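Visitor: I am new here and would like a friendly tour. Could you take my questions one at a time?

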Amino acid sequence: MTRLTLDKIAKSYGTVEALRDIDLAIEPGEFVVFVGPSGCGKSTLLRVIAGLEEITAGDLNFDGTRVNDLTPAQRGIAMVFQSYALYPHMSVYENMAFGLKLAKTARETVREKVEAAAEMLQLSELLDRLPRQLSGGQRQRVAIGRAIVRDPRVFLFDEPLSNLDAALRVQTRIEIAALHERMAETTMIYVTHDQVEAMTLADRIVVLRDGRVEQVGAPMELYDRPANTFVAQFIGSPAMNLAPARPGPDGLTIPGCAPVPLAASGEGLRLGVRPEALRLAEPGEPVFNEGPATLVEKLGETQLVYFEPEGAETPLIAKLPGALPARRGEVFRLAVDPADLRLFGADGKAMEATPLPQPA
Amino acid sequence: MTAMKLLKRAAFWALVAGIVLFSVFPFYYAILTSLETGSGIFTVSYWPDALDLGNYASVMNEGEFPRNFLNSVGVAVAVVIVSLCLAVTAAYALSRVPFRGRGLLLLTVLSVSMFPQIAVLAGLFEMVRYFGLYNTLGSLILSYMIFTLPFTVWVLTTFMRDMPVELEEAAIVDGATPLQIVVKVFLPLLWPALVTTGLLAFIQAWNEFLFALTFVASNDTRTVPVAIALLSGSSGKEVPWGEIMAASVIVTLPLVALVLVFQRRIVAGLTAGGVKG
């Protein structure tokens, strides 16, 4: 049950600023995921919390106590590394017991804890093996077990699934979710560049870019109400369509499309529409875009249909049901619900869009 | 086609035989000579025509040779232990701790081994005198560091640099101190490198002649290479070739034994890779 507060945390390497003004509060028992493109500082932030990197400025508090100058072990964190980082010359048992032995824990206690963790992770049969005799998934579980036995206050994961193949990744993701259920009192922080992992695992997601926090929120909150264009395009696959919008008497217009009945004013507005919000227009419904498909990608249960409305800089992508026999060059009439549209100002921040007053 | 193959194979083995003969013959001839006595030594023969262990008996029983042998063992073992301890800790700092002038320091360490022994002899002699080590084994242990440390530091630094950083960080997270990281995590993985460099250091210390001749003056603190060179016969005019060869064979045996004992480790060191857990 540890509450973390980050107060104006900054980290720089010489003149390069890796993190700037990070303010964040992580509640006890919360599962928080740091996500962002590579180089956004998410791993650095995790290593700062772990104590593997010194903090340049700001305060890091665990339960209100400043821990800036404590070692990782003193902070009571445990970490699962991307490459597992198991000690190659030690058996599974010794790998898991290493931290406890260094802490001079009584031998029986070590045995109990390691066996309990091994039981939980289905490693009991493998305790005498060396890491090189294990498969990737088993190594990953040993790495997790090594972290569990230390009863950490904060559990850190640094891209733990990126070395696994696709099938194993899904399975391990589910195991990590189950682990969080069982260790409900332990605060967990997880770093990934994969938004699917972020969406499925997180209680709250922290989106980072260029060493800054872009938005913090529950997964669906980020999906439904992105605070800015970066988050809007980062969360969701394929990315949200964004196009410059011009206000007019009939509402907002984006190049090559019909106006949508939203009222807004200002310069440099941008309108966002998720590919999955676009659908085929019913007869008699106002058409948002009409044109030939320039590319069709079949994904199975869905398909991505690309359009190039006149004057648009980027293609408009629609996610349509897979059963539809769509072909390149075929003309589609697309409709959209105005409530599914997102409006962003010239600074990229989300704006409130009000429905255009209906003419009486 | 098959004839061609046979010919190639024959040529290959002839080459191998040639190389083996070239490298083993001097040692073989030393053994041969050591088993002969009197005028038999001066007749050239390539097969043992006598099996006389008298030379060995006289080397081991007369004079200070057993004492010299123990001195050599002591010096070589001490050199290996001290240089490996210093090199492992130095390598950790040089490969893992970022500090200003690290590259320069590494080059300086290497440059020490560029000077020929004779060039540093006078200066070293002054140092040995200053430390009060003249005519003691300590003078040899100290001076041998000059040529063992550069390569042990370099080899171990390269090995340690290749250790995954995450391994060290995992140990830090587990609460290990730098010393515990070196001893409990790195050393077990560095075994092959330690054995290989340790063996090379041992061989160098074991065979060293010039310093041993200069810094030690009395019979009972001499090491074997000097002792052999100074072996003299009953009269000043007679060179006791038989005994010299017997002594040479005796001092070679520990090296052969060491290499045989550690050969699997050495091979492991040469083929090591994929430390990643």
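This is a predicted model: local features need pLDDT of at least 70, side-chain atom pairs count only at pLDDT 80 or more; totals for chains, interfaces and linings use all residues.

Visitor: Is A:Glu159 buried or exposed?

Guide: A residue counts as buried when its relative accessible area is under 20%. The relative accessible area of A:Glu159 is 11%, so A:Glu159 is buried.

Visitor: And what is the phi of A:Glu159?

Guide: A:Glu159 is not a glycine, yet its phi is positive. The value is about 40°.

Visitor: Where is A:Asp63, and what is its phi?

Guide: A:Asp63 belongs to the loop of chain A between strand E4 (57-62) and strand E5 (65-66). With a relative accessibility of 39%, A:Asp63 counts as partly exposed. A:Asp63 is a residue other than glycine with a positive phi, near 50°.

Visitor: Which residues does a cis peptide bond join in chain A?

Guide: Look at the loop between helix H9 (229-234) and strand E11 (241-248) of chain A, where A:Pro238 lies. Omega of the bond is about -5°. The two residues joined by this cis bond are A:Ser237 and A:Pro238.

Visitor: Which side chain of opposite charge is nearest to A:Arg75?

Guide: A:Arg75 is part of helix H2 (residues 72-75) in chain A, and A:Arg75 is buried. A salt bridge needs a nitrogen and a carboxyl oxygen within 4 Å. The nearest side chain of opposite charge to A:Arg75 is 6.7 Å away, and A:Arg75 has no salt bridge. That side chain belongs to A:Asp69.

Visitor: Which residue has its backbone oxygen 2.9 Å from a polar atom of the A:Arg75 side chain?

Guide: Beyond its neighbours within four places in sequence, A:Arg75 has contacts that include A:Leu60, A:Phe62, A:Val67 and A:Arg153. The backbone oxygen in question, 2.9 Å from the side chain, is that of A:Val48.

Visitor: How much area do chain A and chain B bury between them?

Guide: Chain A brings 24 residues to the contact and chain B brings 18 residues. Carbon and sulfur atoms account for 63% of the buried area. The area is about 1900 Å².

Visitor: Which residue of chain B forms a salt bridge with A:Arg47?

Guide: Between the two chains there are two salt bridges. In the one made by A:Arg47, the closest N and O atoms are 2.7 Å apart. The partner of A:Arg47 is B:Glu169.

Visitor: Which helix gives the largest share of the side of chain B that touches chain A?

Guide: Helix H7 (165-173) and helix H8 (178-207) of chain B each supply at least two residues of that side. The largest share is seven residues, and they come from H7(B).

Visitor: Why is H7(B) described as largely enclosed by the rest of the structure?

Guide: Among the buried residues of H7(B) are B:Leu167, B:Glu169 and B:Val173. H7(B) is largely enclosed because the number of its nine residues that are buried is seven.

Visitor: Which residue makes a polar contact of 3.1 Å with the side chain of B:Asp220?

Guide: B:Asp220 lies in the loop between helix H9 (210-215) and helix H10 (224-229) of chain B. Apart from neighbours within four places in sequence, B:Asp220 is in contact with B:Glu64, B:Arg67 and B:Asn71. The 3.1 Å polar contact, between side chains, is with B:Ser218.

How values were computed:
Residues are numbered from 1 along each chain as its sequence is written. Chains are lettered from A and ligands numbered from 1 in the order in which they are written. Side-chain values use heavy atoms; hydrogens and water are left out. Helices (H or I, at least four residues) and strands (E, at least two) are DSSP runs, numbered from the N terminus. Buried means under 20% relative accessible area, exposed over 50%, partly exposed in between (1.4 Å probe, protein chains only). Lys and Arg count as positive and Asp and Glu as negative; His and the chain ends are not counted. A polar contact is a pair of N or O atoms within 3.5 Å; within protein, one must be able to donate a hydrogen and the other to accept it, and residues adjacent in sequence count only if both atoms are side-chain atoms. Contact means heavy atoms within 4.5 Å. Buried area is the accessible area (1.4 Å probe) that two parts lose on being put together, summed over both.
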